[in-house]
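Open the structure in your viewer and keep the sequence panel beside it.

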Amino acid sequence: MSGGLWCVLSPVCRRLGLGTQPVLPSSLLTGSTTVKWRKGNAGEGCSLPGSSWGERLADAVTPLWRLPYQEQLQVKYENQRKVLQTLASRLQELGVDVQKPGELCCPLRPVVPSPVINGYRNKSTFSVNRGPDGNPKTVGLYVGTGRARNIVCVRADHVKNIPSNHKHVAQCYEEFIRRSPLDSCILFHEGGHWRELVVRTTSHGHTMAIVTFHPQQLGQEALATQKALLKEFFASGPGAGCALTSLYFQESTMTRCSHEQSPFQLLYGEPHIFEDLLDLKFRISPDAFFQVNTSGAETLYRAVGELSQADGDTVLLDVCCGTGTIGLSLARHVSKVIGIEIVEKAIEDARWNAAFNGISNCEFHSGKAEAVLPQLLSSWEDTQPLVAVVNPSRAGIPELRMRENFSHCSTLPESAEALAVWFTSPAC
């Protein structure tokens with residue numbers, strides 16, 4: 001994972017023109033091979049001459065994969081140190097005291113390695129597009145960019161952070177759509193139906209597959225036929241070897257849409273998969289956020305607890321909380337946890353997770369953070385310490401006007417209106 005913890009530096013860097021993502025000036029936890037990641041599929045990478053398509057994809061998605069892991073960590077550390085040096089220089093130019101000339105503006109800790117280096121992802125998103133041979137029904141990740149009009153969809157065989165069972169499901173899905181008389185949907189206005197595949201797995205051996213389908217002008221009877229064929233393929237046909245726990249189908253006319261916009265339809269299996277994290281059990285819905293490196297997340301959350309210095313009087317504000325993993329994992333150390341999440345199904349999971357694990361000092365609110373936060377803080381008691389955690393970091397978080405919202409909380413750290421802990425995943 002690229003990234004780590006960053007305490008309230010994002011708003012400062014934005015004002016100074018340094019940017020906030022994807023490489024953050026922080027260093028708590030890093031995983032396999034990613035130091036730069038573009039949201040969604042991979043962009044152009046720097047490949048060696050004569051590289052295969054698989055190697056070019058690995059270079060684009062995980063650009064440090066050719067280096068030994070310890071060297072990867074050092075590269076990431078040096079990148080973060082340079083960003084902090086630049087930030088310190090800019091702050092000095094503005095007359096802000098940053099300790100001694102030439103030093104960093106805040107401590108930079110050594111990078112904590114991931115407990116698992118390869119195959120750690122518990123969620124992978126595969127696209128459908130033209131492959132190196134021109135076949136429009138190729139399932140994989142992108143080399144190239146839409147802007148440059150040079151996208152090629154390449155199978156993920158060489159990508160080391162994707163586990164083999166994810167790749168197997170992707171290969172089976174490719175076999176299915178190549179058998180289908182329906183076209184793949186590359187550009188919405190050009191027609192076609194078969195779109196991306198999401199695979200989620202857990203340490204329990206659970207596997208969830210989510211197929212996205214553009215209905216175009218198909219009627220309900222034709223849609224039912226396609227769903228039945230997909231179910232048969234994975235339940236008792238060539239895809240049965242994937243041993244799916246859950247198979248979901250989503251009709252979508254947009255690039256991304258939530259369950260509320262277009263419901264996830266369970267074709268067969270269980271509605272949820274389950275994962276263990278820090279001695280707690282978590283329920284995961286199709287579109288709920290869950291850290292993609294489970295063992296890495298355990299390391300991260302322990303560090304969050306240490307760095308936040310939260311105690312029995314502290315209220316933990318878990319912004320964009322997903323299924324509640326951070327808040328619930330720290331609940332026993334604080335007086336109260338308040339979680340906010342825009343995905344309603346994730347909030348349902350968070351509440352279930354709290355009840356199942358016997359945690360009673362948590363409350364979870366559904367909605368946009370910028371709308372819910374002011375309401376919650378309007379009645380805040382000035383005497384109670386507050387720690388805010390954001391995981392992963394969002395570009396819009398600085399716009400929450402934390403100074404205005406927390407201006408009445410005199411017990412917060414002097415260095416910032418709230419202690420915000422930032423983390424960036426290798427990919428969403």
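Start with the whole protein chain selected. Among its contacts with a separation of 6 or more, 65% join residues 24 or more positions apart. The model is predicted. The chain contains 10 helices and 16 strands. It has 428 residues, and 54% of them count as buried.

Next, select residues 164-179, which form helix H4, and residues 220-235, which form helix H5. The two helices pack at an angle of about 135°, and their axes are 11 Å apart. H4 is therefore oblique to H5. Their crossing is right-handed.

Now show side chains where these helices touch. Which residues of H4 meet H5? They are Val169, Cys172, Tyr173, Glu175, Phe176 and Arg179, and their partners in H5 are Leu229, Leu230, Phe233 and Phe234.

Move on to leucine 278, in the loop between strand S10 (273-277) and strand S11 (280-284). Its phi is positive, about 50°, although the residue is not a glycine. Is leucine 278 buried or exposed? Its relative accessibility is 14%, so it counts as buried, the cut-off being under 20%.

Finish at glutamine 309, in the loop between helix H6 (294-308) and strand S12 (315-319). Glutamine 309 is another residue other than glycine with a positive phi, here near 55°. Because its relative accessibility is 68%, glutamine 309 counts as exposed, for which the cut-off is over 50%.

Notes:
Residues numbered from 1 in each chain as written. Predicted model: local features only at pLDDT ≥ 70, side-chain atom pairs only at ≥ 80, totals over all residues. Heavy atoms only, no water. Axes fitted to C-alpha atoms, helices over the stretch in contact; angles between N-to-C directions. Helix = DSSP H or I, 4+ residues; strand = E, 2+ residues; numbered from the N terminus. Parallel < 35°, antiparallel > 145°, perpendicular 65-115°, else oblique. Left-handed = near helix turned anticlockwise from the far one by under 90°. Contact = heavy atoms within 4.5 Å. Buried < 20%, exposed > 50% of the residue type's maximum accessible area, 1.4 Å probe, protein only.
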